[in-house]
Amino acid sequence: GEIAEMLDRWLAAWSSKNIEQYGRCYAKDFRSQGMDRKAWLAHKDRLNKKYDYIRVSKDKYKIRQKGKQPEVTFVQTYRSNAFKAVGIKKLTLKRENGQWKIFRETWKKL
C-alpha cells in the first residue's frame, strides 16, 4: 500500500544519502529528539558526509491505525562503515497534501 511505498522510498533515500528525497518524507512540523525538521535534516546530512556508506533496512513491520495518525513499528538495522545498530523504530505518520509523511520518529536499541 501507500504507507509501505513511502517507507521504501524513505529507506532508499536514506541509504543512498539523498537528503532531498529523504527530507520529502517528513512533515513540515516534524519533531524528534528536540529537533525540528530543518535541524533534523542538517544533523542527518552531517552524518551522511561523515560515513562512507549507510545501509538501512526494515524487518517485520506493522501498522497500527490510530485515528488520523497511523503508527508504523519495525526492526531497523542501520549499518555504516563506523558502526552497526539494531533497534525498534516507531514512526507516527500524518497526511500532508494528500501524502503520508513522517510526523514523529523514535528509535530504541534492541
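Lys62 stands opposite Thr73 in E4. The model that places them there is predicted, with local features requiring pLDDT of at least 70, side-chain atom pairs counted only at pLDDT 80 or more, and totals for chains, interfaces and linings drawn from all residues. Residues are numbered from 1 along each chain as its sequence is written, and side-chain values use heavy atoms, with hydrogens and water left out.

**Sheet**

An open sheet of mixed pairing is built from 6 strands in the order E2-E1-E6-E5-E4-E3. Helices (H or I, at least four residues) and strands (E, at least two) are DSSP runs numbered from the N terminus, and two strands pair if DSSP finds at least two bridges between them. Strand E2 (35-36) and strand E3 (54-64) are the edges; each has a single partner strand, so one side of each lacks a neighbour in the sheet.

| Strand pair | Bridges | Sense |
|---|---|---|
| E1 and E2 | 2 bridges | antiparallel |
| E3 and E4 | 9 bridges | antiparallel |
| E4 and E5 | 9 bridges | antiparallel |

E3 and E4 form a hairpin with 6 residues between them, and Gly67 in its turn has a positive phi of about 60°. Another hairpin connects E4 to E5 through 3 residues. Of the 10 residues of E4, 9 are buried, that is, under 20% relative accessible area (1.4 Å probe, protein chains only).

**Pocket**

The largest pocket holds about 300 Å³ of space. A pocket is, on a 1 Å grid over the protein atoms alone, an open set of points where a 1.4 Å probe fits, with protein on both sides within 12 Å along at least five of seven lines; lining residues have an atom within 4 Å of a point. The volume is the space filled by probe spheres set on the points.

The lining comprises 16 residues, of which Trp14, Lys44, Gln76, Tyr78 and Trp107 are the closest to the pocket centre. Helix H3 (37-50), E4, E5 and E6 each contribute at least two lining residues, and H3 gives the largest share, 4 residues.

Note on methods: Buried means under 20% relative accessible area, exposed over 50%, partly exposed in between (1.4 Å probe, protein chains only).
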